[in-house]
Amino acid sequence: MLLLPSCPGAGAITDVPGIEVGHYTDTRRPTGCSVVIARAGAVAGVDVRGAAPGTRETDLLAPGNLVNEVHAVLLAGGSAFGLDAASGAVRWLEENGVGLDLGMARLPLVPAAVLFDLAVGDARIRPDAAAGYAACAAAG
């Protein structure tokens, strides 16, 4: 397992107040996930392309929907299997009090997308919920 911190002051996205970035790499094969966190919420947009896109909750980002902010965006390897990493991000955010206040709970909104990297190394090794959680824990 390799956790990489962000690089503040280097013209990075983390120079934007309120934005944190975390990453997790599974060193058993070249795969992992990255997360961009906006604890206070941020307006996001999406343009889904490709013949076989792998996404989760990207429909939230369409204009006219009730929700107009997200709390994180997760990008992962592992093709469709990697979408599980978003569950770990949602759990970490909830545990840290981040999310849409519904009164009875906080609901973290985390759109996610994956890329196909199964042909590199052992395809049985792919980002999962623990990877998404670790990426959030490494965010700074």
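Predicted model: local features only at pLDDT ≥ 70, side-chain atom pairs only at ≥ 80, totals over all residues.
**Cysteines, a buried helix and charged pairs**

Good morning. The sulfur of Cys136 lies 7.9 Å from the closest cysteine sulfur, that of Cys33, which is too far for a bond. A disulfide would require the two sulfur atoms to be within 2.5 Å. The structure accordingly holds 0 disulfides. Are these two cysteines buried or exposed? Cys33 is buried, with a relative accessible area of 1%, and Cys136 is buried as well, with a value of 1%.

Let me turn to helix H1, which spans residues 85–95. Its buried residues are Ala85, Ala86, Gly88, Ala89, Val90, Trp92 and Leu93. What covers them? The covering elements include strand E3 (31–42), strand E4 (54–56), strand E5, strand E8 (112–114) and helix H2 (129–137). Just after H1, Gly97 adopts a positive phi of about 75°.

At 6% relative accessibility, His71 counts as buried. Setting aside neighbours within four places in sequence, the contacts of His71 include Leu93, a buried residue of H1.

Side chains of opposite charge can pair when their charged atoms come close. How many salt bridges does a search of the whole structure find? The search gives 7, and I shall describe some of them.

In one of these, Glu20 pairs with Arg39, with the closest N and O atoms 2.5 Å apart. This pair links distant parts of the chain, with Glu20 in strand E2 (residues 19–26) and Arg39 in strand E3, 19 residues apart. Glu20 counts as buried at 15% relative accessibility, whereas Arg39 is partly exposed at 36%.

Another salt bridge joins Asp47 and Arg49, at 2.7 Å from N to O. Asp47 is exposed, with a relative accessible area of 53%, and Arg49 is exposed at 68%. A further one connects Arg124 with Asp122, whose closest N and O atoms are 2.9 Å apart. Here Arg124 counts as exposed at 68%, while Asp122 is partly exposed at 30%.

Finally, the aromatic rings. The count of aromatic pairs comes to 0. Arg126, however, lies over the face of Phe81, at 3.5 Å from the ring centre.

Thank you for your attention.

Conventions
Residues numbered from 1 in each chain as written. Heavy atoms only, no water. Buried < 20%, exposed > 50% of the residue type's maximum accessible area, 1.4 Å probe, protein only. Phe/Tyr/Trp six-rings, centres within 6.5 Å; stacked < 30°, edge-to-face > 60°. Lys NZ or Arg CZ within 6 Å of the ring centre and 35° of its normal. Contact = heavy atoms within 4.5 Å. Helix = DSSP H or I, 4+ residues; strand = E, 2+ residues; numbered from the N terminus. Salt bridge = Lys/Arg side-chain N within 4 Å of Asp/Glu carboxyl O.
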